[in-house]
Amino acid sequence: MSDEPTMDGDDPSSSRSSRSPARSWRRRRPGFTLGDLEVKAGRSAIGEVPIPRLVTGTPVSLPLRVVHGRHDGPTMLVSSAIHGDELGGVEIVRRVTESLVPADLHGTVILVPIVNVHGFLTGDRYLPDRRDLNRSFPGSATGSLASRIAHVFMDQLVTRCDVGIDLHTGSDHRTNLPQIRAELDDPTTHDLATAFGAPVLLQAKLRDGSLRAAGLAAGVTMLLYEGGEALRFDEPAITAGVDGIRRVAHHLDMTPDAEPPPLPRDDQGRPRTPILSRRSAWVRARRSGVTSMAADLGDRVDKGDLLAVVHDSLGHRLSRARAPFDGVVIGRRQHPLVHQGDAVVHVAQIEPPTSHAEPDAEPDAAHDAESDDRPDGRADHPDDRSVAPDPASTNDPTSPTDPSPTQIQDPR
Ligand SMILES: [Zn+2]
């Protein structure tokens with residue numbers, strides 16, 4: 001662990017300090033202690049939290065940075081790569097770190113760029129025990145590898161925070177429009193989610209074992225940010241994530257900036273306000289083949305609009321994907337080859353201004369927009385269920401029960 005030189009906490013150029021001369025005689029803010037790391041107020045330091053070793057005996061730890069503000073304020077956790085192949089958050093953390101000035105900061109920011117270190121080393125979403133770390137919270141000191149790491153993370157970091165922002169990307173060759181998934185019925189969460197300023201706010205049910213659920217149970221206001229794709233840096237998603245975190249910090253009065261980063265503008269030059277959605281669905285391929293996409297991230301679609309076409313390798317059209325409802329495209333497959341049942345396009349419903357749709361009005365068709373954006377589920381973990389229940393997805397394409405509104409329409 002090393003204490004890095006930073007701006008002096010008594011720097012008179014600090015804008016809040018200059019507005020509050022009385023602060024000069026007040027007691028200095030106590031330091032932040034984590035294990036043998038102590039960070040003085042107005043300082044930034046890096047540290048690490050030990051976790052189980054590699055099979056080689058090599059020690060492993062969670063790398064982290066603590067930016068301990070000169071002034072009192074809330075404690076915010078920013079974490080990423082809880083899925084080891086989701087790299088976008090690592091870059092978001094780096095840029096957020098650059099933007100923080102400890103001498104001006106009110107409160108403390110704990111940044112953990114790589115939570116799933118084992119998976120990160122191999123570009124793997126999961127841990128070596130094939131468990132999903134984001135289904136292993138709050139964890140246990142005597143449980144599985146995933147459970148032990150979750151326990152350390154919860155016990156030493158999450159429970160010390162007021163606010164948590166967990167950064168994710170799409171998985172398995174899928175990419176996501178920048179979006180916040182959160183418990184929007186909670187007013188505090190709703191306020192922070194709105195302050196983040198992502199293009200879409202998605203009401204997301206809590207899932208057992210997720211960091212978001214465990215954090216909320218521990219009294220931490222949690223936001224989950226999704227944007228971009230695994231194993232790639234997606235510049236718009238990274239920029240949206242950095243600006244969003246800075247807007248949340250500004251909303252919490254942690255930073256002295258007069259204004260937060262401005263919201264992106266729409267075609268008319270007006271600040272673009274987030275779209276609120278309480279329901280979403282992955283449209284799945286009804287035939288195996290080669291996909292031509294007709295919709296891109298952020299596109300507004302009406303019910304029935306064409307999203308994608310599946311051909312065979314000789315050019316015969318096999319099926320078409322259409323929008324199940326009026327909405328916005330928040331996720332799409334990047335890999336052109338699909339098997340029957342593969343998730344192709346993710347549409348979030350836009351609620352008509354006059355209606356107040358219930359979030360569980362059509363639970364079979366609604367995508368459970370939980371934290372990891374895996375519409376396909378995994379057979380090797382019974383507790384890792386599909387997040388996109390799609391009752392007709394395994395039906396024979398010619399079944400009289402078809403078509404489901406979330407299915408690719410088959411002309412044959
Ligand atoms: Zn993830």
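Let's start with what "buried" means here: a residue is buried if 20 or more other C-beta atoms lie within 10 Å of its own, exposed if 12 or fewer, and partly exposed in between, with C-beta atoms placed from the backbone. Helices (H or I, at least four residues) and strands (E, at least two) are DSSP runs, numbered from the N terminus. What you have above is a predicted model, where local features need pLDDT of at least 70, side-chain atom pairs count only at pLDDT 80 or more, and totals for chains, interfaces and linings use all residues. Residues are numbered from 1 along each chain as its sequence is written.

Now to helix 5, which covers residues 187-196 and has Leu-192, Ala-193 and Phe-196 as its buried residues. Look down the axis of helix 5 and these buried residues fall within an arc of 100° (taken from the directions from the helix axis to the C-beta atoms), so they line one face of the helix. The buried residues of helix 5 pack against several elements, among them strand 8 (163-168), strand 9 (174-182) and helix 7 (235-251). Just after helix 5 comes Gly-197, with a positive phi of about 80°.

Most residues other than glycine have a negative phi, and most peptide bonds are trans. Arg-130, though not a glycine, has a positive phi of about 65°; look for Arg-130 in the loop between helix 3 and helix 4. Arg-130 counts as partly exposed because it has 14 C-beta neighbours inside 10 Å. Pro-138 lies in the loop between helix 3 (117-122) and helix 4 (145-156), and a cis peptide bond with omega of about 0° joins Phe-137 and Pro-138.

Next, follow some strands, which pair if DSSP finds at least two bridges between them. Strand 14 (residues 289-293) pairs with strand 16 (residues 306-311) in the antiparallel sense over 4 bridges, and Met-293 has Ala-308 in strand 16 as its bridge partner. Strand 16 also runs antiparallel to strand 17 (residues 317-322), joined by 5 bridges. The hairpin of strand 16 and strand 17 has 5 residues between the strands, and there Gly-315 takes a positive phi near 95°.

Finally, how far can you trust the picture? pLDDT is the predictor's confidence in each residue, from 0 to 100. The chain averages a pLDDT of 84, and 79% of the residues score at least 70. Over residues 354-371, however, the pLDDT is below 50. Where pLDDT is low, the predicted coordinates should not be read in detail.

Methods: Contact = placed C-beta atoms within 7 Å.
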